[in-house]
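Here are my notes for you to read with the model open. They go from the overall layout to the ligand site and then to a few individual elements.

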Amino acid sequence: MSDAMLRLVNVDKYYGPLDHGVAAVKNINLEVEKGEIIALLGSSGCGKTSTLRMVAGFEAVSRGKVFLSGREVQNLPPVKRNVAMAFEGYSLYPTVTVRDNIAFALKAARLPESEVTKRVAEVSEMLEITSILDRFPSSISGGQQQRASLARALIRDADLHLLDEPMGQLEPQLRTLLRGRIKYYIKERGLTAILVTHDQTEANALADRIAVMEGGVLQQYASPEEIKERPANLFTGTFVGEPPMNVFPASVTAAGGKLHIDLRGDTRGDLRAGLDLIYAESDFAQPVRERMLGKRDVVIGVRPYAVHRAAQGAAAQVVANQWLGDQSHIAASFAGKSIVLVEHDRAVLSEGETIAVEIRPNDLHVFDAETGMAMSHGQELA
Ligand SMILES: Nc1ncnc2c1ncn2[C@@H]1O[C@H](COP(=O)(O)OP(=O)(O)OP(=O)(O)O)[C@@H](O)[C@H]1O
């Protein structure tokens, strides 16, 4: 057996009868090593909170096993699992001050007074709540309550820290500041944490590995870089990355030493239909080429920052050009759909202007149109 801090083995969650109720989590397998920060990332209803609550013990596991620090815990109540939690709605005790709320677990564990004082000061400074320590929960804002609740969880010695949207109520500037500090705090103390978020920037900034979920199914579990560079399927490819990956249904054929990637246009509206991207066969490594040719229907994906304007490119008409202060986002009609380009300089382009865009072989992600699974990334097989 591995010595992972947390191990989920074939875990299902049904609300209602097994196999017939609402299937919120389907056959999840996940391992978290000691000292790791993991983000459960996905859109609303994908099952991330249900997963976290099963680990905490607030929701019963319908099927499968949960191991924490080597112990099988799925039948143990939350207090027996040695996990610390900051959950939305997991409220502070209203009758004691913020300071006593934060210190509660340490006092219960009979830590020396000086140690409690030191730790409360550290975590409060880190989360910018020192000035409200003597207030009662009812007299502080939602964002302050959230930080107090986070402090109460982070201060604890526990095998695992579970944080459900811990910064959901904070304004963007504060979130950005605290993200870095929370990561440092967790890493410095060697804590192991699972964070639930629907915010990919937060997941990328905080997590060592991201578990991307959709429809109750774990889609990919990998480092932020790996997920960006080698998305396991079309869902992960288009869900992670901002702006999202451009995707085009296509078919691939070879003739006369050339590889034709025929992007099938969407012929509705006044967008142009279809476009044939032509490459030399030798532009692609043989295994990649063979895999592409072996499938009738594929989906081609290319990240917005990998779409370049070039003298010899395929025609696209600019629909919008936005300067965001540090990069330009250009949307253009292309191959009967639209394509987005990101450029680091301020692009001087007006609506309706024709540009030529180039998509390099090394930047192509190819997915199986039928299953959505990745087939290749650039010159490597998936
Ligand atoms: N108590 C419940 N009873 C019945 N169905 C539930 C219950 N809690 C959650 N669900 C359903 O289970 C699925 C997964 O919900 P879950 O809360 O785990 O998703 P989530 O990804 O955390 O979403 P959010 O970000 O909106 O909290 C959803 O379809 C949801 O409607």
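**Notes on the model**

1. The protein has nine helices and 21 strands; helices (H or I, at least four residues) and strands (E, at least two) are DSSP runs, numbered from the N terminus. Bear in mind that this is a predicted model, where local features need pLDDT of at least 70, side-chain atom pairs count only at pLDDT 80 or more, and totals for chains, interfaces and linings use all residues. Residues are numbered from 1 along each chain as its sequence is written.

2. On overall layout, the C-alpha atoms fill a box of roughly 80 × 45 × 35 Å along the principal axes. The domain assignment (bounds come from an automatic or database assignment) gives domain 1 (6–230) and domain 2 (246–381). Their C-alpha centres lie 39 Å apart.

3. Of the 382 residues, 37% are buried, meaning that 20 or more other C-beta atoms, placed from the backbone, lie within 10 Å of the residue's own. Take the contacts (C-beta atoms, placed from the backbone, within 7 Å) between residues at least 6 apart in sequence: 63% of them join residues at least 24 apart.

4. Now the ligand. Its shell (residues whose C-beta atom, placed from the backbone, lies within 6 Å of it) consists of Tyr 15, Val 22, Ala 24, Gly 42, Ser 44, Gly 45, Cys 46, Gly 47, Lys 48, Thr 49, Ser 50 and His 198. Which element gives the most to this shell? That is α1, with three residues. Both β2 (22–32) and α1 (48–56) supply at least two residues each. By class there are four nonpolar, seven polar and one charged residues; here Ala, Val, Leu, Ile, Met, Phe, Trp, Tyr, Cys and Pro count as nonpolar, Asp, Glu, Lys and Arg as charged, and the others, Gly among them, as polar.

5. Have a look at β3 (residues 37–41). Five of its five residues are buried, so this strand is largely enclosed by the rest of the structure. Ile 37, Ala 39 and Leu 41 point one way, Ile 38 and Leu 40 the other.

6. Who are the partners of β3? It pairs in the parallel sense with β8 (residues 193–197) over five bridges and with β9 (residues 209–214) over four; pairing requires that DSSP finds at least two bridges between the strands. Leu 41 has Thr 197 as its bridge partner in β8 and Val 212 in β9.

7. Helix α2 (residues 98–108) has buried residues Val 98, Arg 99, Asn 101, Ile 102, Ala 103 and Leu 106. These pack against α3 (113–126) and α4 (142–154). After α2 comes Arg 110, with a positive phi near 60°.

8. Finally, there is an open, antiparallel sheet of seven strands, in the order β13-β12-β11-β14-β19-β20-β21. β13 (275–280) and β21 (380–381) are at the edges with a single partner strand each, so one side of each has no neighbour in the sheet. β19 (residues 365–368) and β20 (residues 374–377) share three antiparallel bridges, and Val 366 stands opposite Ser 376 in β20. Helix α9 (residues 286–293) lies across β11, β12, β14, β19, β20 and β21, at about 145° to β20; axes are lines fitted to C-alpha atoms, for helices over the stretch in contact, and angles run from 0 to 180 degrees between N-to-C directions.

Definitions and conventions. Two residues are in contact if their C-beta atoms, placed from the backbone, lie within 7 Å. A residue is buried if 20 or more other C-beta atoms lie within 10 Å of its own, exposed if 12 or fewer, and partly exposed in between; C-beta atoms are placed from the backbone.
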